[in-house]
Amino acid sequence: LWYDSYNDAYDGFEIIPPSVSSIQGNATGPTEVFEYIPHTLDDILTQPDAFEKSLVKIVNATVYSKSQDYLFAITDDTTIGNLTIYMESGANLTGNLSGGTFHQGDRVTIQGLFVSWYGQWEIKIREGKNDYVEVL
């Protein structure tokens, strides 16, 4: 957009994208770092508000129950409670899969976003993020 002083008005526009070489190495703003912090289920279940919208990691949990491949619950050795895990379609499922999936009783590591969904706490495994369910 440029100013035309003769007509006392803005006239036309031109969009010129920067070349890649002109922006490489010139980052001046803060860099976002997304770190998944390891926690026990007991930590999370006893103070869920403190972890809301946090990136969490649960290592060596057990699949407590499973209603669908995308919706299941886990527990670990620190609590008798369990927590729902919701996997978005296309989310990362890796590891020692049996028949392309996992089963109740399998050991897993979970990495995702801890959220409240209609008043129920869960870890959401999002597609296109560094979230995952790894079957151990």
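This is a predicted model: local features need pLDDT of at least 70, side-chain atom pairs count only at pLDDT 80 or more; totals for chains, interfaces and linings use all residues.

The protein has three helices and 10 strands. If you trace it from the N terminus, the order of elements is β-β-α-β-α-α-β-β-β-β-β-β-β. There are 136 residues in the protein, and 29% of them are buried. The exposed surface comes to about 9100 Å², with carbon and sulfur atoms supplying 50% of that. As for how the chain meets itself, take the contacts with a separation of 6 or more: 56% of them are between residues 24 or more positions apart.

Now find strand 6, which covers residues 83-87. Which strands does strand 6 pair with? One of them is strand 5 (residues 71-75), which runs antiparallel to strand 6 and is joined to it by four bridges. Strand 9 (residues 120-125) also pairs with strand 6, again over four bridges but in the parallel sense. Thr84 is a handy landmark here: Ala73 stands opposite this residue, and so does Glu122 of strand 9.

Stay with Glu122 for a moment. Leaving aside residues up to four places away in sequence, Glu122 touches Leu83, Thr84 and Tyr86, along with Leu113, Phe114, Val115 and Trp117.

So where do charges pair up? Side chains of opposite charge can pair when their charged atoms come close. The model has four salt bridges. One of them involves Lys124, whose partner is Glu88, with the closest N and O atoms 3.4 Å apart. Lys124 lies in strand 9 and Glu88 in the loop between strand 6 and strand 7 (92-95), so this pair ties together parts that are 36 residues apart in sequence. Both ends are partly exposed: Lys124 has 25% relative accessibility, and Glu88 has 23%.

Asp69 and Lys66 meet at 2.7 Å, N to O. Asp69 is partly exposed, at 41% relative accessible area, and Lys66 is partly exposed too, at 27%. Asp131 and Arg126 also form a salt bridge, at 2.6 Å, N to O, but here both residues are buried.

Last stop: the aromatic rings. The model contains four aromatic pairs. In one of them, the rings of Tyr70 and Tyr86 have centres 6.2 Å apart and planes at 85 degrees, so the pair is edge-to-face. The two residues come from distant parts of the chain, with Tyr70 in the loop between strand 4 (54-68) and strand 5, and Tyr86 in strand 6, 16 residues apart. Tyr70 is partly exposed at 41% relative accessibility, and Tyr86 is partly exposed at 28%.

Methods
Residues are numbered from 1 along each chain as its sequence is written. Side-chain values use heavy atoms; hydrogens and water are left out. Buried means under 20% relative accessible area, exposed over 50%, partly exposed in between (1.4 Å probe, protein chains only). Contact means heavy atoms within 4.5 Å. Accessible areas come from the Shrake-Rupley method with a 1.4 Å probe; for residues, only the protein chains shown count as cover. Two strands pair if DSSP finds at least two bridges between them. A salt bridge is a side-chain nitrogen of Lys or Arg within 4 Å of a carboxyl oxygen of Asp or Glu. Rings of Phe, Tyr and Trp (its six-membered ring) pair if their centres lie within 6.5 Å; planes under 30 degrees apart count as stacked, over 60 as edge-to-face and the rest as tilted.
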